[in-house]
Amino acid sequence: MSASSLNAARIWAIFIKELVQMRRDRLTFGMMFGIPIVQLILFGFAINTDPHQLPSALLLEEQTPIVRTLTQALKNSDYYDFVLETDDPARSADLMARGKVAFVVSVPAGFTRALLRGERPQILIEADASDPSASSNALAQANTILQRALGQDLRGSVSGLNRPPPPFELIVHRKYNPEGETSYNIVPGLLGVILTMTLVMITGMAMTREAERGTLENLLAMPAKPAEVMLGKILPYVVVGASQTLVILVAAKTLFNVPFEGSLWILLISVTIFVVANLALGFTFSTVAKSQMQAMQLTFFFFLPSLLLSGFMFPFRGMPIWAQTLGEVFPLTHFLRVVRGVMLKDANLVQLQTPLLAMIAFTVVVMAVAMLRYRRTLD
């Protein structure tokens with residue numbers, strides 16, 4: 001076709017027609033601008049691969065000026081934020097299992113006396129290495145920070161202690177992932193990511209497909225209550241989620257050698273709650289979307305910030321407070337804490353009650369919204 005045979009008027013007419021169609025499909029039009037804006041904000045402001053102000057605990061068996069100098073130096077480095085000081089090892093270990101602290105810095109009794117005698121006493125830093133990228137920079141800087149701090153105190157008759165090697169020995173214990181294997185962090189998290197992406201989309205598209213094919217009227221004509229319809233549509237996909245979970249757990253153990261330290265029953269309970277939450281969300285999206293394409297767009301619009309703000313791809317504590325607050329809304333954030341806590345930390349129900357309750361609350365709210373919107377459809 002030659003350029004001379006093209007009619008500018010017809011091209012213009014089709015162009016105007018497409019603009020009108022885009023304006024009518026407000027959801028798609030909003031997604032075209034909403035997704036780039038969300039990506040710009042999240043990648044520009046929220047993502048940080050070098051987290052600072054990581055919550056930490058101090059386990060001190062003595063209080064001396066030198067010990068205070070060392071702990072204050074760690075705090076001033078901006079990597080460590082000491083939220084607790086205790087002499088009870090069980091308490092600090094429980095906080096780390098809950099994910100409340102990323103580090104526990106321990107100074108033994110007699111540390112100062114042994115240091116001044118040149119005996120090179122030990123300082124222990126225990127790190128939650130279930131997410132190696134979150135703790136690596138803080139651990140890498142710890143030895144330098146402590147040496148510089150002591151260099152200012154060791155003067156006069158003890159100035160000779162400033163010569164190499166350092167007058168203390170720093171011991172780093174990477175708990176839950178001693179070798180820093182990234183697969184220990186990524187593979188359990190993939191369980192939540194895959195369930196979120198597939199189940200929300202499948203459920204949302206299944207309901208909108210009913211409307212597109214004209215079979216939704218049959219559902220509306222039935223005497224079934226909204227809750228009955230929602231449960232009837234959701235339960236088959238619970239089986240799908242269970243099958244996905246089984247495949248991922250088997251692959252994690254056989255292909256990636258990811259340890260499973262905790263209770264299988266706790267994990268199954270949390271997976272069930274998480275699956276129902278995502279299916280209920282997909283049902284809610286189906287009451288908003290007018291087509292399968294719109295249901296898919298809503299899924300991706302939800303999935304993108306959920307993926308970026310949950311702590312799966314980037315350290316959760318590296319994000320600013322507003323991003324962490326927003327991330328707490330998504331069930332994936334809490335599910336990652338549960339699945340990593342069970343598989344890597346052998347966490348119990350008491351230690352996992354906060355993320356479990358958060359997922360239950362999300363599920364209840366979303367199911368209530370879904371039933372409310374479905375009642376409006378019935379009307």
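Buried here means under 20% relative accessible area. Thr112 has 12% relative accessibility, so this residue counts as buried. Keep in mind that this is a predicted model.

**Around Thr112**

Thr112 sits in helix H5. Its side chain reaches the side chain of Thr64 in a polar contact of 2.6 Å. Leaving aside residues up to four places away in sequence, Thr112 touches Glu62, Thr64, Ile66 and Val67. Thr64 therefore turns up both as a polar partner and in that list of neighbours, while Thr112 itself is buried because its relative accessibility is 12%.

**Salt bridges**

There are four salt bridges in the structure.

| Asp94 | Arg98 | 2.8 Å |

Let's start with Asp94 and Arg98. They are four residues apart in helix H4 (residues 89-98), which means about one helical turn separates them. Asp94 is partly exposed at 25% relative accessible area, and Arg98 is partly exposed too, at 29%.

Glu328 is partly exposed, with 33% relative accessible area, and Arg337 counts as partly exposed at 33% relative accessibility.

**Aromatic pairs**

On to the rings. A pair of aromatic rings is described by the distance of the centres and the angle of the planes. The structure holds five such pairs. One of them is Tyr80 with Phe103: the ring centres are 4.9 Å apart and the planes stand at 55 degrees, so the pair is tilted. This pair links distant parts of the chain, with Tyr80 in strand S2 and Phe103 in strand S3 (residues 103-107), 23 residues apart. Are Tyr80 and Phe103 buried or exposed? Both are buried. Together with Phe82, Tyr80 and Phe103 form one aromatic cluster.

Phe302 and Phe330 make another aromatic pair, this one edge-to-face, with 5.5 Å centre to centre and 65 degrees between the planes. Distant parts of the chain are linked here as well: Phe302 lies in helix H11 (residues 292-309), Phe330 in the loop between helix H12 (321-327) and helix H13 (331-345), and they are 28 residues apart. Phe302 is buried, and Phe330 is buried as well.

**Positive phi in two loops**

Finally, a look at the backbone. Asp78 has a phi near 80 degrees, a positive value in a residue other than glycine. Asp78 lies in the loop between helix H3 (65-76) and strand S2 (80-86), and counts as partly exposed at 33% relative accessibility.

Arg120 is not a glycine either, yet its phi is positive, at about 55 degrees. Where does Arg120 lie? Arg120 is in the loop between helix H5 (111-116) and strand S4 (122-128). With 33% relative accessibility, Arg120 counts as partly exposed.

Terms used:
Residues numbered from 1 in each chain as written. Predicted model: local features only at pLDDT ≥ 70, side-chain atom pairs only at ≥ 80, totals over all residues. Heavy atoms only, no water. Buried < 20%, exposed > 50% of the residue type's maximum accessible area, 1.4 Å probe, protein only. Polar contact = N/O pair within 3.5 Å; in protein donor to acceptor, adjacent residues only side chain to side chain. Contact = heavy atoms within 4.5 Å. Phe/Tyr/Trp six-rings, centres within 6.5 Å; stacked < 30°, edge-to-face > 60°. Salt bridge = Lys/Arg side-chain N within 4 Å of Asp/Glu carboxyl O.
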